[in-house]
Amino acid sequence: MTPVVEKLGAAVDDWVQAHEAQLIAARRHLHAHPELAYAEVETTSFLEQRLREAGLSPQRLPSGTGLVVEVGEGPGPTVVLRGDIDALPLPDLKDVPYASTREGVCHACGHDVHTTVVLGVALALAAVDGLPGRVRCIFQPAEETVPGGATEVLAAGVLDGATRAFALHCDPSVPVGQVGLRTGAITAACDGIDVTLTGPGGHTARPHLTVDLVDALGRLITELPGLLSRQVDPRAGMSLVWGAVDAGVAANAIPQRGMLRGTVRVLDRDAWQGAEEVIRSLVAKVAAATGAAVEVDYVRGVPPVVNDPRSVALLRSAALETVGAEGVVLSPQSMGGEDFGWYADRLPIALARLGTHGGGEPLDLHRGTFDVDERAIAVGVRLLARAALHALVTDAGSPAGVGAPPPGRTGRHASGDTAGRRADEESHRG
């Protein structure tokens, strides 16, 4: 640990200890007033007010919700910290004083915690002197949409000039006081696929005289995942899982139309780039054998979050100082989606898992019962603040977007297709 990190890290620790109650109150306010993607108006105003009270100058993102604010004015690198601010269209089923006041909307994915953590880092670092660079805090809207609010952050140039970016995500399977880390892919790319088959219909007594759409759907359901496993390197971690099927209403009538809906998840960024082409080809081949006409609606979602090795090393140093060696655990790969992966199109990134389980049965994400042990907030603030400090010291003199990469890093991932937002396709993410 360098003297700068040691000194400023200790100051952050002192600030967090003195302001933990206020941080918890801020989280409870956010939890009680959740807002959906691109409608985070009150959330943005609440954060804006808190930041301005600390003497900072937050700027709204072009979408009208979300903020970016820089802490520090001196020369040196710029490090990004990201917190997502949107909620989910789910009812809050908890009996707590800070339960959602908005019917059918709640923070069931921990974004209220992520936001509070990044807010705490901004306020804590604003209270110290001698920051060796700048920390750019992004309060990002619409993480729960497809392809995610991150694409607007990139398009607006908010990451320009920065050397690397960090984020964290609540993990109810990890005890509070622990931090999960992983190098490489920690979350999967997640795309949506809708397949529609059509035919003339007919009587179930004479399937040979028509196109049996139910049989055709069954073939796609059972054959496509297996065929896919023989077209893609198994190390890519690509999977196709169907979640919905619909066809017909009568037992003795072959329908004229049938539909399948599912998700495609991939751990490898390069394999994700070619997933749509491979799957469209396989669907066409299977459907051709049945005689059914086929239409495929393939929605590019979010890329995998691939953690940069050097950025993970910086997070590990911060975690060791925050929770000790016994508090740092290996995070398993998740097949869930997270739009923080888009940030890797511009600079090295790393996502950490923040333990939020305080005892009893784990309260899983994306459920109306989800809640956290609020001691995790202080852990998160100390972790991200120290990660930023380590990165500022390490990246001094590094070009923007490079961030002192480890040996063997030769370039960034190619950008993916960021076509039209599909907020109603959140179920593809999970």
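## Ground rules

This is a predicted model, so local features need pLDDT of at least 70 and side-chain atom pairs count only at pLDDT 80 or more, while totals for chains, interfaces and linings use all residues. Residues are numbered from 1 along each chain as its sequence is written, and side-chain values use heavy atoms, with hydrogens and water left out.

Let's start with strand 4, residues 134-140. Helices (H or I, at least four residues) and strands (E, at least two) are DSSP runs, numbered from the N terminus. Six of the seven residues in strand 4 are buried, so the rest of the structure largely encloses it. Here buried means under 20% relative accessible area, exposed means over 50%, and partly exposed is in between (1.4 Å probe, protein chains only).

Strand 2 (residues 67-71) runs antiparallel to strand 4, with five bridges joining them; V71 stands opposite V135 there. Two strands pair if DSSP finds at least two bridges between them. Strand 3 (residues 78-84) pairs with strand 4 in the parallel sense, over seven bridges. To get from strand 3 to strand 4, the chain passes through helix 3 (residues 111-126), making a right-handed β-α-β crossover. Right-handed means that, with the strands pointing away from the viewer, the path from the first strand over the helix to the second runs clockwise.

## Aromatic pairs

Searching the whole structure turns up two aromatic pairs. Rings of Phe, Tyr and Trp (its six-membered ring) pair if their centres lie within 6.5 Å; planes under 30 degrees apart count as stacked, over 60 as edge-to-face and the rest as tilted. W272 and W342 are edge-to-face, at 5.8 Å centre to centre with 65 degrees between the planes. They sit 70 residues apart, W272 in helix 6 (residues 269-288) and W342 in the loop between strand 15 (328-330) and strand 16 (349-357). Both W272 and W342 are buried.

F340 and Y343 have ring centres 4.9 Å apart and planes at 45 degrees, so this pair is tilted. F340 is buried, and Y343 is too.

## The end of helix 8

T394 belongs to helix 8 (residues 375-394) and is partly exposed, with a relative accessible area of 25%. Its side chain reaches the backbone oxygen of H390 at 2.9 Å. The C-alpha atoms of T394 and P77 are 9.2 Å apart, although 317 residues separate the two along the chain.

Terms used. Polar contact = N/O pair within 3.5 Å; in protein donor to acceptor, adjacent residues only side chain to side chain.
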